Amino acid sequence: MLVIGAHLSASKGFCAMLDTALSIGANTFQFFTRNPRGGQAKDIDERDIKEFISRSKENNFGTILAHAPYTLNCCSGKPEVREFALNTFKDDISRMELIPGQLYNFHPGSHVGQGEDIGISLIAETLNDVLYEDMTTTVLLETMAGKGSEIGKSFQELRSIIDLVDLDGKVGVCLDTCHVSDGGYDIVNNLDGVLEEFDSVVGIDRLKALHLNDSKNPLGAHKDRHEKIGEGFIGIDAFQRIINHPQLRDLPMFLETPNELDGYAQEIALLKSLRK
């Protein structure tokens, strides 16, 4: 079964997101835990969560993916920004634990001139403060395009973070197709080679989810501008290989393309038609 969904608004709760996902042919979804440009989160509705857990099982729903706000920067040079990141991270995980066994994705952060080594150390420090033994949520480092001072543009940077995490079994990776292409990994012409490198550096078992996004920019551009599936430099043939690859086909996949709901529905139908 192709487990595929899109990025949905969480403003009306989990059951509303489930209904929206079903309406566009999806069997999972991604959502922001709070305002992506701010820090305020909705109050928890335990009845909505309980109903969602029940209905997701009835509808054979896949693993869902929560996305941290963009303002969460664990390796900022400003202590107050790092403190916000830590508090937000902890609060998000406590909320995710109400729906056990799901995924929480975050952008590792930007070192803003401090250097990669310091940035990596600060990200790992946050993870060591947040992760705990009994948690069921898996935290995902997202592969990044490498714009500015972003950490996570290479598999080695992700590995370096993981190596410093005490409870590293709680950490995985979300591979964003636009980001890795913009970061210089040729998933169009050498998907097998890219995955072999990922396996040798990070470990393929840590790959827990995919962001399916075409790119407005060519290989290695370091720009991070998403495009609709098949309309960018990655192209439809590459996506057919990605969704059918034996090391990727069973992972949950999430669209973050520049679309409204009808566009997501069309892309989901397209990708389903390419499934072998």
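Visitor: What are the ground rules here?
Guide: The model is predicted: local features need pLDDT of at least 70, side-chain atom pairs count only at pLDDT 80 or more, and totals for chains, interfaces and linings use all residues. Residues are numbered from 1 along each chain as its sequence is written, and side-chain values use heavy atoms, with hydrogens and water left out.

Visitor: How many cavities of 30 Å³ or more does the structure hold?
Guide: One. A cavity is a set of points on a 1 Å grid over the protein atoms alone where a 1.4 Å probe fits but cannot get out.

Visitor: How much space lies in the largest cavity?
Guide: About 50 Å³. A volume is the space filled by probe spheres set on the points, with grid points joined across faces, edges and corners.

Visitor: Which helix gives the most to its lining?
Guide: Helix α7 (residues 191–201), with three residues. Helices are DSSP runs of H or I, at least four residues; strands are runs of E, at least two; both are numbered from the N terminus. Lining residues have an atom within 4 Å of a point. Among them are Leu-175, Thr-177 and Ile-242.

Visitor: And how do the lining residues divide?
Guide: Eight nonpolar, one polar and no charged. Nonpolar covers Ala, Val, Leu, Ile, Met, Phe, Trp, Tyr, Cys and Pro; charged covers Asp, Glu, Lys and Arg; the others, Gly among them, are polar.

Visitor: New topic. How many aromatic pairs are there?
Guide: Ten. Rings of Phe, Tyr and Trp (its six-membered ring) pair if their centres lie within 6.5 Å; planes under 30 degrees apart are stacked, over 60 edge-to-face, the rest tilted. Phe-14 and Phe-31 have ring centres 5.2 Å apart and planes at 80 degrees, so they are edge-to-face.

Visitor: Are Phe-14 and Phe-31 buried or exposed?
Guide: Both are buried. That means under 20% relative accessible area; exposed is over 50%, partly exposed in between (1.4 Å probe, protein chains only).

Visitor: Which residues do ring pairs link into a cluster?
Guide: Phe-14, Phe-29, Phe-31, Phe-52 and Phe-61.

Visitor: Which residues of α1 meet α2?
Guide: Phe-14, Cys-15, Leu-18 and Asp-19. The contact of α1 with α2 has five nonpolar residues, one polar and four charged.

Visitor: Last one. Where does Ser-110 lie?
Guide: In the loop between β4 (103–106) and α4 (116–130). Ser-110 has 21% relative accessibility, so it counts as partly exposed. Its contacts (heavy atoms within 4.5 Å) include Asn-73 and Glu-150, not counting residues up to four places away in sequence.

How values were computed: 1 Å grid on protein atoms, 1.4 Å probe; cavity = no way out; pocket = protein on both sides within 12 Å on 5 of 7 lines; lining within 4 Å.
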